[in-house]
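Here is a short walk through one protein structure. Please look at the sequence and the model before reading on.

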Amino acid sequence: MRLKRATILSAAAFGVVAAWPQWPLPRGTDHSQHAGLEMPPGHPLPSMTVRIRADGMDGYNLFLDTANFRFTPQNAGMPAIPNEGHAHLYVNGEKLARLYAPWHHLPSSALHEGVNRIELEFSANDHSVWSAAGEPLGADVLIDTRSGEEDPVIRERVQYALDWNWGQAEPRRSGGWAVRTDLGYTVRVGAGRLVTRGLELVPCHAFPPPRAHSPLGPRIGPAPVRAGHSSLIRSESRIPLSQQEDLLRPRRTVLDSLTVTDPEYCRVHYLLARATRAPPGAAAIEVSGTWAKRGRAEETPFRIRSTGAFGGFVDLKLESGGSVASLGIVGGIELTVSRPLGAMFDGVDFAAGSSETHGMQILRTLVSGATATVQGR
C-alpha cells in the first residue's frame, strides 16, 4: 500500500536498495572511489533530511536540510575540516554529481521509470567521505516516478507483533502455565509481566556485531549503529511506547503500525528493559510461581524480579522459510518477534542465585532465542 503525506521526510541514514521494487535496482553502491574519513571525537556528527518535490518543468528538486554541516565549495580540494565540505549524489548506484549547496535539480533523464534509489553522502573538502564507526554519513531514500504525486517518496507501513513459541511449555487448567527446564526443574507460573522497551528495524548497511548486548548503565537502549537508526537519529521504525505483557496469559500482541521510508532492512533490534519514563528501579521483568526439583512433589514458591536490561539484533526471516539477505519496504511488511516461552527458565538454578541474577538470565534467554518473521502485505 502506497502511503502519502504532506511532509517529506527521509531519515538521515545510509542503506542498500529495496528488494521488492518492480524495476531492478543495483545491489549496492560502490563508494570505494572516495576514502572514508572518521569524524574526530568531540565534533557533532553531520545529519541531513532530504526533501524532494517534483519540478514544474522536468524531474525533481532536492533540498538537503543539514545539521552540523556547512557547504564550503570555495575549499574544494583543500584539507579536510570537520563538519564542512560538500555532498556526493548517487542515483541507482551511480555517482551523478557533487553538490556544493543544499539545492539541486535532478533531471528526469537521470532516472528510469518506477522506483529509484537516491543516496547522498557528506564529503570533506579533500573529497573523502565523512564517516562514523567506518560507515559513511548521509541519507538514503526511494522515489517512484510513476506516483503522479508532487511528493515521489515511497512510504510504507510496518506492522509489528509480539508472540510466543510455547515449545515444551503447557497451559494449566487452573490458570497459568508450566514447563520442565533444562536443569530439571518443574516450574509453574502464577503471575508475571514483561516489558518490551524497544523494537526497531535495522538497515542492511548498518550491521552491528551479531551478538546480544546488555546496556546496564543509565543510558538504556540499542548500542550505537552509527550509519543506521541509532541513538544518533531517532528511528522512524522504532515503537514509540513500551509494551507490557502478561506472563500469566502469554498471547500474541499486535502493536501499532508505523510509516517508514528507509529502502531496506536486514535485522530487527529487540530490547527488554524498564518501561519508557519509568523511574530507576522499575522492573523489566517480574514473574512468580513455584518450582520443584526433578522427581519431587514438594513445590517451593519463587519470585523473580530484575531491573536490568538486555537487547540484541535478530536476523529477519521470511514467513515462507529461510533467511533474507535484505528486506524491502515496498508494499509494506508485517513483522512478528516470537520469544521462546518453553525455554524461558533454561539456565535458571532456582536452588541458588538471586532474584536479579535469575531475571537477567531470563532476559538473555528471551532476547537471544527470539526469532523475527516477516511477510509482505
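The paragraphs below treat a sheet and then the salt bridges.

The model is predicted: local features need pLDDT of at least 70, side-chain atom pairs count only at pLDDT 80 or more, and totals for chains, interfaces and linings use all residues. Residues are numbered from 1 along each chain as its sequence is written, and side-chain values use heavy atoms, with hydrogens and water left out.

Strands here are DSSP runs of E with at least two residues, numbered from the N terminus, and two of them pair if DSSP finds at least two bridges between them. An open sheet has 3 strands in the order 2-3-7, paired antiparallel. Strand 2 (47-54) and strand 7 (103-106) each have a single partner strand, so one side of each lacks a neighbour in the sheet. Strand 2 is joined to strand 3 (residues 60-67) by 8 bridges. T49 stands opposite D65 in strand 3.

A salt bridge is a side-chain nitrogen of Lys or Arg within 4 Å of a carboxyl oxygen of Asp or Glu. By this rule there are 15 salt bridges. One of them joins R70 and E84, with the closest N and O atoms 3.1 Å apart. R70 lies in strand 4 (residues 70-71) and E84 in strand 5 (residues 84-91), 14 residues apart.

Buried means under 20% relative accessible area, exposed over 50%, and partly exposed in between (1.4 Å probe, protein chains only). E84 is buried at 4%, whereas R70 is partly exposed at 46%. D144 and R146 form a salt bridge at 3.2 Å; D144 is buried at 12%. Salt bridges also link R193, E286, R303 and R305 in a network.

Technical notes
Helix = DSSP H or I, 4+ residues; strand = E, 2+ residues; numbered from the N terminus.
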